[in-house]
Each structure stands twice: as C-alpha cells, then as structure tokens.
Amino acid sequence: MAKSLRSKWKRKMRAEKRKKNAPKELSRLKSILKVNSDVLMKDVQEVATVVAPRQRQEKTQCVVNDENDDMKMETDTKRNKKTLLDQHGQYPIWMNQRQRKRLKAKREKGRGKSKAKAAKGLAW
C-alpha cells in the first residue's frame, strides 16, 4: 500500500505539534508531581527531559574575492545534476521512494548498454 501525501503531511504536522507542546507538557507534569510530594524530582528528570529540536541546515561558506568584491556561497554538498545524487550517493530529502527507484532503474539500464557482448559467428 502506497503512502499518501496526506498521511505524510499529517505525520509531519503531528511531530511538529509534539515538539511545540513538549515544554508545556513537561511543566504540567512537574506541577502535578509537586502536588504529590512522594516523588523526587531527580527521578523525574531522568525520565522526562526536554530536547531542543535539531535544525536542519546545510553548511555554507562565504568566499570573498578582493578583486571583484563579489560574495559567492559554496555548499558542502556536491550534487550531480543528472542523477541528483550527492557525493555520498544519497538522494535529496524531498525526493520520494518511487522517484528514487525510477532514477536507479534508469542508471542500471544505462550501465548495461555499455558492456554488450558481440554475437558469436558460426565456425565452419
């Protein structure tokens, strides 16, 4: 069964909502546990911790030429325009599995053409 775009979007939004509401949930949990003074806060800190969300950024560098005073951005990831693979053989994160499979099949098909065997002739 294929994964629909709608279900992927719903999953993504639920994850973002969880990240946004995590600090509020933790503070609510702590306030509830303060009412019940039987539980030590040290135990709670081991169980529930708030983790800051990771930011997905590509590393960039600015190159300055003294002659032209032009700013150029260089990204660390080098990507092949034809196959869309980076230097590690990974596809971009926005590409879905069907597109990846299609491009891989196209690459494999092209590789097979170069090593075609010559037909054997009859030996008389």
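The talk below sets values against definitions.

Modeller: This is a predicted model, where local features need pLDDT of at least 70, side-chain atom pairs count only at pLDDT 80 or more, and totals for chains, interfaces and linings use all residues. Residues are numbered from 1 along each chain as its sequence is written, and side-chain values use heavy atoms, with hydrogens and water left out.

Biologist: Why is Lys-8 called partly exposed?

Modeller: Buried means under 20% relative accessible area, exposed over 50%, and partly exposed in between (1.4 Å probe, protein chains only). Lys-8 has 31%, so it is partly exposed. Lys-8 lies in helix H1.

Biologist: What is Lys-8 part of on the surface?

Modeller: A patch of positive charge, whose members include Lys-8, Arg-11 and Arg-98. Patch residues have over 30% relative accessible area and no salt bridge, and like charges are joined within 9 Å. H1 gives the most, with 6 residues.

Biologist: What makes Thr-83 buried?

Modeller: Thr-83 has a relative accessible area of 16%, and the limit is under 20%, so Thr-83 is buried. Its place is in the loop between E2 and H3.

Biologist: Why has Asp-86 no salt bridge?

Modeller: A salt bridge needs a side-chain nitrogen of Lys or Arg within 4 Å of a carboxyl oxygen of Asp or Glu. The nearest side chain of opposite charge, Arg-79, is 4.4 Å away, so no salt bridge is counted.

Terms used
Patch = residues over 30% accessible without salt bridge, like charges linked within 9 Å, V, L, I, M, F, W, Y side chains within 5 Å. Areas by Shrake-Rupley, 256 points an atom, 1.4 Å probe, with all protein chains shown as cover. Lys, Arg positive; Asp, Glu negative; His and termini not counted. Charge placed at Lys NZ, Arg CZ, Asp CG, Glu CD. Helix = DSSP H or I, 4+ residues; strand = E, 2+ residues; numbered from the N terminus.
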